Amino acid sequence: MHTAAGVEACLPIRSDMDLVWVRQHVRQAAARLGFGLVEQTKLVTAASELARNTLVHGGGGQMEATHLSSGGAQGLRLAFTDEGPGIADLDQALSDGYTSGDGLGMGLSGARRLVHDFDIDSTPGDGTTVRVTCWVAQPPRPREEA
């Protein structure tokens, strides 16, 4: 049985050390909910990128982790929020290869590919919120005997 204990949290993102705490929390929360190792790695990779964006481009903010349950399926929603300058052109920011800094331009678009649901809300001057959701994959059903 999976519980929300140790899953839900609101963590500040104000320093590089906070990025370590975010990654650690996401990995532990995903493991508690029954995510497999590959799923955990994908979610932690996406969370790491989004947390770094919150710190570097948003000037800091927070991550909120929420346990989801639907029809017996377990999921984890992460919301990264900052009050930074926002993103003027979301389509451009989500395209592969675009970077506003020194990166490879794979951050937002790469994070989007690693999760099941991705939502971004940004208004220039009012900050940005990125919400991602992943669900625990169901194990394959055993073959039926003929």
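Student: Is Thr 128 buried or exposed?
Tutor: Thr 128 counts as buried, at 9% relative accessibility, where buried means under 20% relative accessible area, exposed over 50% and partly exposed in between, with a 1.4 Å probe and protein chains only. This is a predicted model, in which local features need pLDDT of at least 70 and side-chain atom pairs count only at pLDDT 80 or more, while totals for chains, interfaces and linings use all residues. Residues are numbered from 1 along each chain as its sequence is written, and side-chain values use heavy atoms, with hydrogens and water left out.

Student: Where does Thr 128 lie, and which side chain does its own side chain make a polar contact with?
Tutor: Thr 128 lies in strand 5; helices (H or I, at least four residues) and strands (E, at least two) are DSSP runs numbered from the N terminus. Its side chain makes a polar contact of 2.8 Å with the side chain of Ser 122. A polar contact is a pair of N or O atoms within 3.5 Å; within protein, one must be able to donate a hydrogen and the other to accept it, and residues adjacent in sequence count only if both atoms are side-chain atoms.

Student: And Thr 129, buried or exposed?
Tutor: Thr 129, also placed in strand 5, is buried, with a relative accessible area of 14%. A polar contact of 3.4 Å joins its side chain to that of Thr 81. Leaving aside neighbours within four places in sequence, Thr 129 is in contact (heavy atoms within 4.5 Å) with Phe 80, Thr 81, Asp 119, Ile 120 and Asp 121.

Student: How many residues of strand 5 are buried?
Tutor: Seven of its nine residues are buried, so strand 5 is largely enclosed by the rest of the structure.

Student: Which strands does strand 5 pair with?
Tutor: Strand 5 pairs in the antiparallel sense with strand 3 over eight bridges and with strand 4, again antiparallel, over seven bridges; two strands pair if DSSP finds at least two bridges between them.

Student: What does Glu 64 touch, and how accessible is it?
Tutor: Glu 64 counts as partly exposed, at 39% relative accessibility. Not counting residues up to four places away in sequence, Glu 64 touches Ala 9, Cys 10, Arg 77, Leu 78 and Ala 79. Glu 64 and Glu 8 are 56 residues apart in sequence, yet 7.4 Å apart in space, C-alpha to C-alpha.

Student: Now helix 2: what span should it have?
Tutor: The 20 residues of helix 2 (residues 37–56) should span 28 Å at 1.5 Å a residue, and this agrees with its end C-alpha atoms, which are 28 Å apart; the expected span is 1.5 Å times one less than the number of residues.

Student: Which elements do its buried residues pack against?
Tutor: The buried residues of helix 2, among them Leu 43, Val 44, Leu 50 and Leu 55, pack against strand 1, helix 1, strand 2, strand 3, helix 4 and strand 5.

Student: Which residues touch the most other members of the largest nonpolar core?
Tutor: Of its 34 residues, Leu 43, Met 63, Leu 76, Leu 78, Phe 80 and Phe 118 touch the most other members. The largest share of this core, seven residues, comes from helix 2. A nonpolar core is a set of buried Ala, Val, Leu, Ile, Met, Phe, Trp, Tyr and Cys residues joined through side-chain atoms within 4.5 Å.
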